[in-house]
Amino acid sequence: SPVRSNVIIVGAGISGISAAKVLAENGVDDILILEAADRIGGRIRKEEFGGVSVELGAGWIAGVGGKECNPVWELARSSGLRTCFSDYSNARYNIYDRSGKIFPSGIAADSYKKAVDSAMEKLKKEEVNNHDADLLKLSEPPSTPKTPIELAIDFILHDFEMAEVEPISTYVDFGEREFLVADERGYEHLLHKMAETFLLTSEGKIMDNRLKLNKVVRELQHSRNSITLTTEDGCIYEANYVILSVSIGVLQSHLISFRPPLPRWKMEAIEKCDVMVYTKIFLKFPYKFWPCGPGKEFFIYAHERRGYYTFWQHMENAYPGSNILVVTLTNGESKRVEAQSDQETLKEAMDVLRNMFGTDIPDATDILVPRWWNNRFQCGSYSNYPIYFNHQLVDNIKAPVGRLFFTGEHTSERFNGYVHGGYLAGIDTGEALLEELRKEERKHDSQTFLL
Ligand code: FAD
């Protein structure tokens, strides 16, 4: 017979764990967390590489030093997570061309300003377009980037630093500083600390049978009275309520079939939200051949193909002597690299590095290529709402369907795409469900009173 719980939480990433914690702290103990992977953390994930811990998913605590305190920064401080200040605004002064020359800072700064102006102009037009499509037709289209340096800057601006073009809630609310997690226990240490407050642990391991790993939910049958979940291994679970914390990419992928299907307004909202793919490739070297020191943590490669091994970072600030470089690819380039062998990717990356630093640099001794797009429990890296989205869109993505509640970074209107977005979304959903449970209790009490 099916296992019955009051509330089932699907997914043990930061949003699922924070939702579960809110419930547990408010006396809702009869919970069950079903996680598809063999570990908690979801898109917060470390791996041992080249003798240190590297973060395959979230790596920065973004939004620190402002008027309000980022709750994830608070968690990091209270759990003693090691971090280091990281500033990629200097990257624009370290732009290499294909022959290894660094663009003079004047040219780089001018191109940067031009790109910011053009992006702002484009945004303004999109805003106008929202109100008056005819006006848009009359105006000149903003210049499109063409040269390698313009393409490189366009990539950095749009895939990393949109804050220069339009206000980003994370920076507005929490401040503009960013800290890189540099802790052997990983970013996921925060999640373990949080889980420990309400799940039983022994010797640092979660032993609570309310957390079930390797449970891939494949079917969700929902009715007025209850929800039944079926996992890939044939187990059946029943609950009064379910909180679904899987990513927007997973919702789009149909990994889980809903019976009856989700209503149209829900499906349409889910389809409309873009999924961003963001890939950090790690390369280990026998020794350093890149410049270090102040302002040199990040460097850029300008190539005629947009986003082709553009954005580089060395890990000397986080782990001195680790001799590791990280190159970040996004979207189309991420998908292309995920589909090829790591050896091919290594060759491409080495060719790029040899263009920048000369032919006599050593070969990388190891490479690590995360595959977020092809991971069926993620299907991408994070949600990306269109800049001028209708607020109804997020409301619909977040809105419960009967007894089924939705959470995850994609349900956070202000902070989607971030760890703090997932964390706050979980708290929000946990509280919304508590409210629902209390309402039901009151209804039940008044009925028994009448009897
Ligand atoms: P998830 O962490 O995805 O949790 C959902 C869980 O559901 C997963 O554990 C998954 O395994 C599980 N699941 C999926 N399907 C099923 C199923 N059918 N049955 C059961 N379980 C299932 N944020 C920052 O703040 N700073 C950064 O620097 C940063 N960089 C990033 C870099 C990368 C490469 C990526 C991928 C993300 C990055 N992010 C960053 C975003 C951040 O990691 C996410 O916003 C956040 O971790 C999402 O948490 P979540 O709980 O919403 O989702």
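**Ligand contacts**

I looked up Q378 and found one of its polar side-chain atoms 3.1 Å from an oxygen atom of the ligand. That is a polar contact (a pair of N or O atoms within 3.5 Å). The model is predicted: local features need pLDDT of at least 70, side-chain atom pairs count only at pLDDT 80 or more, and totals for chains, interfaces and linings use all residues. Residues are numbered from 1 along each chain as its sequence is written, and side-chain values use heavy atoms, without hydrogens and water.

I then checked R43, where a side-chain N or O atom is 2.7 Å from a ligand oxygen atom. At W60 a backbone N or O atom is 2.9 Å from a ligand nitrogen atom. Taken alone, the ligand exposes 1,000 Å², and the protein buries 98% of that (Shrake-Rupley method, 1.4 Å probe).

**Aromatic rings**

I counted 20 aromatic pairs in the structure. Rings of Phe, Tyr and Trp (its six-membered ring) pair if their centres lie within 6.5 Å; planes under 30 degrees apart count as stacked, over 60 as edge-to-face and the rest as tilted. F289 and W290 are edge-to-face, because their planes stand at 80 degrees, with ring centres 4.9 Å apart.

Next came F299 and F357, also an edge-to-face pair, at 5.5 Å centre to centre and 90 degrees between the planes. F299 lies in strand β18 (residues 298–301) and F357 in helix α11 (residues 342–357), so the pair ties together parts 58 residues apart in sequence. Helices (H or I, at least four residues) and strands (E, at least two) are DSSP runs, numbered from the N terminus.

Methods: Polar contact = N/O pair within 3.5 Å; in protein donor to acceptor, adjacent residues only side chain to side chain.
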